[in-house]
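Biologist: Before we talk about any part of this model, I would like each label to be set against its definition. Could you take me through them one by one?

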Amino acid sequence: MKRIVLFLATNLAVVLVLSLTLRLLGVDRFLSERGLDLGALLVFSLVVGFGGSLVSLLISRPVAKWSTGARVIDPPQTPDEAWLVATVHRLAQQAGIDKPEVALYPGAPNAFATGRSRDASLVAVSSGLLAAMKRQEIEAVLGHEVSHVANGDMVTLALIQGVVNTFVVFLARVVGSLVDGMLARDDDRAGAAGPGYFVTVFVCEIVFGIGASIIVAGFSRRREFRADAGSARLLGSPAPMISALVRLGAMAPGALPPSLRAFGIEDRPARISLFASHPPLAERIAALEAMAAAPAMAAGRRS
């Protein structure tokens with residue numbers, strides 16, 4: 001909770017500094033003459049920017065179950081299900097988090113983690129992944145997903161999405177008002193937004209939204225490396241995760257709903273790498289191999 005409060009406070013401070021800068025430059029006076037209140041716009045932008053991402057986070061578990069057809073394993077009905085639940089709970093205990101719900105869903109090889117917090121999460125595995133991988137590889141995948149939960153990745157990603165959404169809404173309307181003011185005639189009534197405002201806001205939201213997507217995707221790729229490393233630490237070696245990634249590279253990953261693609265073990269490659277939620281498998285394997293060669297990891301295996 002402390003991390004979330006600090007994150008929100010830091011980004012709210014950034015928005016306030018931006019607002020203050022516009023005031024010092026006299027932009028706010030110009031915009032006020034056009035009927036735009038920066039304070040009200042800031043509140044509006046925060047509500048719109050964070051509203052959708054936080055609601056999505058709060059309902060992430062039930063939506064994930066509904067959209068994938070996942071069945072929570074409670075109680076286990078087969079030896080494989082019993083092993084799956086026991087493994088997730090053991091890894092969660094090692095990672096210092098509450099036991100996640102464990103679910104199984106039909107489909108090609110993939111897995112994902114979601115939930116509103118570290119202690120209210122869901123780890124789901126596809127039937128295809130259970131059938132295609134060895135148990136040690138499955139355990140590595142589960143360690144990857146548990147690491148996502150332990151790192152608070154779902155919450156952080158939602159907060160980052162809310163921040164960039166706030167800036168998109170705020171800056172698009174500021175630019176729209178500036179453009180509309182420059183295009184307006186002297187006899188135009190103050191406060192009446194013209195077509196220049198609406199067209200500019202529409203275009204800016206598209207352009208700024210593309211930039212925001214790049215920022216969010218960049219964070220998503222970095223957290224994949226962290227989750228891979230987390231799996232290696234939980235299992236005591238990067239080898240199982242390397243083996244799992246190599247096997248995944250030889251298969252077509254299972255498709256996930258759009259809201260869950262960033263949380264899968266592997267996503268379909270994006271045409272433009274800047275928008276990819278996952279790094280290439282080769283880069284992830286190389287990072288794990290470098291981790292395996294590090295003295296600290298080697299010493300940990302010997303101890």
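Modeller: We can start with helix H11, whose face turned away from its buried side carries the exposed residues Ala282, Ala290 and Ala293; exposed means over 50% relative accessible area, buried under 20%, and partly exposed in between, with a 1.4 Å probe and protein chains only. This is a predicted model, in which local features need pLDDT of at least 70 and side-chain atom pairs count only at pLDDT 80 or more, whereas totals for chains, interfaces and linings use all residues. Residues are numbered from 1 along each chain as its sequence is written, and side-chain values use heavy atoms, with hydrogens and water left out.

Biologist: What makes the buried residues of H11 line one face of the helix?

Modeller: The buried residues of H11 are Leu281, Arg284, Ile285, Leu288 and Met291. Seen down the axis of H11, they fall within an arc of 115 degrees, so they line one face; the arc is that of the directions from the helix axis to the C-beta atoms. An α-helix has 3.6 residues a turn, so residues three or four places apart point the same way.

Biologist: Which residues does Leu245 contact, leaving aside its neighbours within four places in sequence?

Modeller: With contact taken as heavy atoms within 4.5 Å, Leu245 touches Asp228, Leu281, Arg284, Ile285 and Leu288.

Biologist: Why are E1 and E3 said to stand at the edges of the sheet?

Modeller: Two strands pair if DSSP finds at least two bridges between them. The open sheet has four strands in the order E1-E2-E4-E3, with mixed pairing. E1 and E3 (111–117) each have a single partner strand, so one side of each is left without a neighbour in the sheet. Strands E2 (101–105) and E4 (120–126), by contrast, pair with each other in the parallel sense over five bridges, and Leu122 in E4 is the bridge partner of Glu101.

Notes: Helices (H or I, at least four residues) and strands (E, at least two) are DSSP runs, numbered from the N terminus.
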